[in-house]
Amino acid sequence: MGRLLKQDSLADQIYHLIKDSIIKGELKPGDRITELDISTKHGVSQAPVREAFLRLNEDGMVVSMRHKGTFVSNLSLKDIKEIYDFREKMEPLAIQLAIENAKEQDKINLLSLFEKMVEAGEKQDVDLIRSADVMFHTYIYKLANHSFMYRIWELLSARSNRVWYLTSQVYFDDFNELTQIHKPIVDAFIQKDTERCIDAFTVHLEFVKNKILSNRELEK
């Protein structure tokens, strides 16, 4: 997590550095983090760190306990079910709006993002696959042009990523299978077949959810 910071938007940079470390599991649930440690590591005052902590708390990435400190939040099985249950209801609306708004170039762009995901799957690269997957779904939310829903997606995707890094290397034997399950989504999107695209998304989400929720460790 220790990197040289530029002078612009220190609070933003620290926020993203800590958030990335939490998502990737470098900072684990229950780990205590302090303003002093972070500010010393990056050579900044505690003010931008305090601001970053407040944003992380709002995002549910950390919890602050009076007289005890700030800790990386836990992810329970209930939390994970809620993430996927909510996404199951929200993303079909994003798909519907995205297809209504999509131009020919948007179809090409989504196909290109899918192809990048396939390349990452062939390399069996966890970081590249996750990044490509997030970009793919984020593009759909951007095309939907619904600012409130996009803000919710940012929160959901960050929390989903935490689960991904926790379970992916154990519960996904072949990442090619994960990438190829996106193909029906792309095909239907290009044809502007909303119903078929939503059905394909539902199959994709159920596949991932069932894989992740099979992790018995999450029940503890």
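Colleague: How many of the 14 residues of α1 are buried?

Modeller: In this predicted model, local features need pLDDT of at least 70 and side-chain atom pairs count only at pLDDT 80 or more, while totals for chains, interfaces and linings use all residues. Residues are numbered from 1 along each chain as its sequence is written, and side-chain values use heavy atoms, with hydrogens and water left out. Buried denotes under 20% relative accessible area, exposed over 50%, and partly exposed in between (1.4 Å probe, protein chains only). Helix α1 is largely enclosed by the rest of the structure, because the number of its buried residues is eleven.

Colleague: What distance does helix α1 reach from its first C-alpha to its last?

Modeller: Helices are DSSP runs of H or I with at least four residues, numbered from the N terminus. The expected span is 1.5 Å times one less than the number of residues. Helix α1 covers residues 10-23, and its reach is close to the expected value, at 20 Å.

Colleague: Which residue forms a salt bridge with D85?

Modeller: A salt bridge requires a side-chain nitrogen of Lys or Arg within 4 Å of a carboxyl oxygen of Asp or Glu. D85 is partly exposed, with a relative accessible area of 38%. In this pair the closest N and O atoms are 3.8 Å apart, and the partner of D85 is K209.

Colleague: How far apart in sequence are the parts that K209 and D85 tie together?

Modeller: K209 is buried, at 10% relative accessible area. K209 lies in helix α10 (residues 194-213) and D85 in helix α4, so the parts tied together are separated in sequence by 124 residues.

Notes: Helices (H or I, at least four residues) and strands (E, at least two) are DSSP runs, numbered from the N terminus.
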